[in-house]
Amino acid sequence: MSLQERDVVIVGAGLAGLSTAVFLALNGVQPLLVERNASTSVLPKARGQNPITMEAMRVAGVTDAIMAARPPGRPGITSKVSESMTGKVFYDHVAHRPDFSKFSPEVPGMASQARAEEALLRKALELGVEVWFECACETLVEDIDHVDLQLRRLPSDELTKVRSKYVVAADGIRGGIAAQLGIGSHGLGHLKSVTAVRFNADLSKWAGDNAMTIHYVKNPQLPDGSGILVSTDYTNQWVANFSADSAREIEATRALIRLLVGVPDLEFEIAGETTYNYSHRIADKLCTLRVFLTGDAAHVMPPTGGQGGNTAMQDGYYLGWKLAHVLKGLAGPALLQTYDAERKPYAEIVCTWQAANLAERRDMKNLAALTGEPIDHAKMMFGYVCLEGALVRDAADSVPTAADPFEDPARPTGSPGARVPYVTLYAAGVPMSTRGLLGQHFQIYTSDASFAEQAASMARELGLEQKVVVVDSVEPLGARRNQSVLVRPDGIVAWRGAASRSALSNAYRQILARQ
């Protein structure tokens, strides 16, 4: 059996694995990406990219591809709770959605998981990432200074042993890496079994011409009184979703589809069906010393709310730069443990938010009693503040509580651990957008030109990619006039403090776990 050595092996070429590969490669680290299937996903699955994901995709250079991958139709979204597609509307999600443009310069994407994976794969290959399809990870053994993997190339049955410094487990809901590492999970567990039926029909007369349409249907004639009707990547192809029943016959399925649409004599063709489970499960920890769980391997949630794919892509965004900095000797290994400290609390929040949405939209009162009502959408996405991690606070910085780790996104504090506020700053009177300046480098905002020179000199000495922006005032960032603000490569505020070389040096030392 041959032996290969790698810096990073990523197991799983879904949204999480591909995203991690791209952000590692952008930072100069070439991982090996292995996927047991013959290609990326061929089914639509998750759909939609929220503004935070689109900010990450802008940094990755994938935004245009994501936007181009939206389904046919007008670039709009229909999302309603109704008695059928053609019946009474109980609630319009889009009409009540917060104005996301207040919090991010990016417009949400509407690409399906299949199209988003295609875009990320093209970018990964463009950046030189090595990808092995039809390759299964059979065993994984972690040692103190490496991880040994046994990989099987499925077409040839050839075994390859790889010794890697780090492993990213993006092996999905049914992946076995977490179990091999002895990592358990917790959560509400199994929530519901559903059957998704793809069918072909011209519904334009009732659906309109938006590129993305979803109806959460409440009708007592449906199993459990509810179902979902959603558009796909293809004109006149739809998915009908309702409670699973192994004894249900084809004519009963056809009757349920007609109920969802609300047209008793609807003509259509069934193209296929899949039965799967809605679950709520979070890994007890997201990393060991050398293995990191991402995507569905780390957190499983029902699809109601569309954050599963987004959270997977963001896992790669938040992990990639940290792994790269450690591998390049720019940070100490302790930086990697902040992945769990920062991402696990958010995984708990977003999984429960999606479960609460499920309870609300499908009248699951027993589940609602466990989850409570969904928290505010904008607060959930834009207001989360890391309680601890790769950041430095002082006594004057606001610190949220574990019971409520949020700030009001409409009144951002700019505190370490929060997103850098989306505000307009001015440099010699010229406006600039903070969230539009993100990149895979550290950023410093300061109004002190002499400190800017010191900061640039320090970055060169430390070998760090850093951009210094001299602005007329840092006060729109929540900082005091004599302070400067340090922003991480993932857009999180890492530190704000006195504009001095010693203060910045101490901040970098703590953030990057440098001895």
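This is a predicted model: local features need pLDDT of at least 70, side-chain atom pairs count only at pLDDT 80 or more; totals for chains, interfaces and linings use all residues.

**Entry 1: the four-stranded sheet**

I started with an open sheet of 4 strands, ordered β21-β20-β22-β23, in which the pairing is mixed. At its edges I found β21 (466-470) and β23 (493-498), each of which pairs on one side only.

Strand β20 (residues 442-446) runs parallel to β21, and 5 bridges join them. I picked out Ile 444, whose bridge partner in β21 is Val 468.

Then I asked which helix packs on the sheet. I found helix α13 (residues 449-462), which touches β20, β21 and β22 (483-487). The direction of α13 makes about 180 degrees with that of β21.

**Entry 2: a residue in β22**

I stayed with this sheet and looked up Ser 484, which lies in strand β22. Is Ser 484 buried or exposed? I read a relative accessible area of 0% for Ser 484, so it is buried, as the cut-off for buried is under 20%.

I then looked for a partner of its side chain. The side chain of Ser 484 makes a polar contact with the side chain of Thr 446, at 2.8 Å. I also listed what Ser 484 touches, not counting residues up to four places away in sequence. The list includes Ile 444, Tyr 445, Phe 451 and Trp 495. Arg 496, Gly 497 and Ala 499 are also among them.

**Entry 3: α13 against α14**

Helix α14 (residues 501-511) packs with α13 at an angle of about 35 degrees. Their axes are 10 Å apart. I noted the crossing of α13 and α14 as right-handed.

Which residues of the two helices meet? From α13 I wrote down Phe 451, Gln 454, Ala 455, Ser 457, Met 458, Glu 461 and Leu 462. From α14 I wrote down Arg 501, Leu 504, Ser 505 and Tyr 508. I sorted the residues of this contact into 6 nonpolar, 3 polar and 2 charged.

**Entry 4: after α14**

I followed the chain on to Leu 512, found in the segment after α14. Its relative accessibility is 0%, so Leu 512 counts as buried. Leaving aside neighbours within four places in sequence, I found Leu 512 in contact with Trp 321, His 325, Leu 330, Ala 331, Gly 332, Leu 335, Phe 442 and Leu 464. I also checked Leu 512 against Asp 448: they are 64 residues apart in sequence and 24 Å apart in space, C-alpha to C-alpha.

**Entry 5: the eight-stranded sheet**

I turned to an open sheet of 8 strands, with the order β5-β4-β12-β13-β14-β11-β15-β17 and mixed pairing. β5 (89-92) and β17 (299-300) stand at its edges. Each has a single partner strand, so one side of each is left without a neighbour in the sheet.

I looked at β11 (residues 185-200) and its two partners. Strand β15 (residues 269-283) runs antiparallel to β11, with 13 bridges joining them. Strand β14 (residues 237-243) also runs antiparallel to β11, joined by 7 bridges.

I wanted single residues for these pairings. Asn 200 has Glu 269 in β15 as its bridge partner. Ala 196 stands opposite Asn 241 in β14, and it also stands opposite Thr 274 in β15.

What lies across this part of the sheet? I found helix α8 (residues 250-261) across β11, β12 (210-218), β13 (226-231), β14 and β15. Helix α8 runs at about 105 degrees to β14.

Last, I checked the backbone. Most residues other than glycine have a negative phi. I noted two residues against that background.

Asp 363 has a positive phi of about 50 degrees although it is not a glycine. I placed Asp 363 in the loop between α10 (338-361) and α11 (365-371). Its relative accessible area is 43%, so Asp 363 is partly exposed.

Ala 428 is not a glycine either, and has a positive phi of about 50 degrees. I placed Ala 428 in the loop between β18 (424-427) and β19 (430-433). Ala 428 is exposed, with a relative accessible area of 74%.

Methods:
Residues are numbered from 1 along each chain as its sequence is written. Side-chain values use heavy atoms; hydrogens and water are left out. Two strands pair if DSSP finds at least two bridges between them. Contact means heavy atoms within 4.5 Å. Axes are lines fitted to C-alpha atoms, for helices over the stretch in contact, and angles run from 0 to 180 degrees between N-to-C directions. A crossing is left-handed if the near helix is turned anticlockwise from the far one by less than a right angle, and right-handed if clockwise. Ala, Val, Leu, Ile, Met, Phe, Trp, Tyr, Cys and Pro count as nonpolar, Asp, Glu, Lys and Arg as charged, and the others, Gly among them, as polar. Buried means under 20% relative accessible area, exposed over 50%, partly exposed in between (1.4 Å probe, protein chains only). A polar contact is a pair of N or O atoms within 3.5 Å; within protein, one must be able to donate a hydrogen and the other to accept it, and residues adjacent in sequence count only if both atoms are side-chain atoms.
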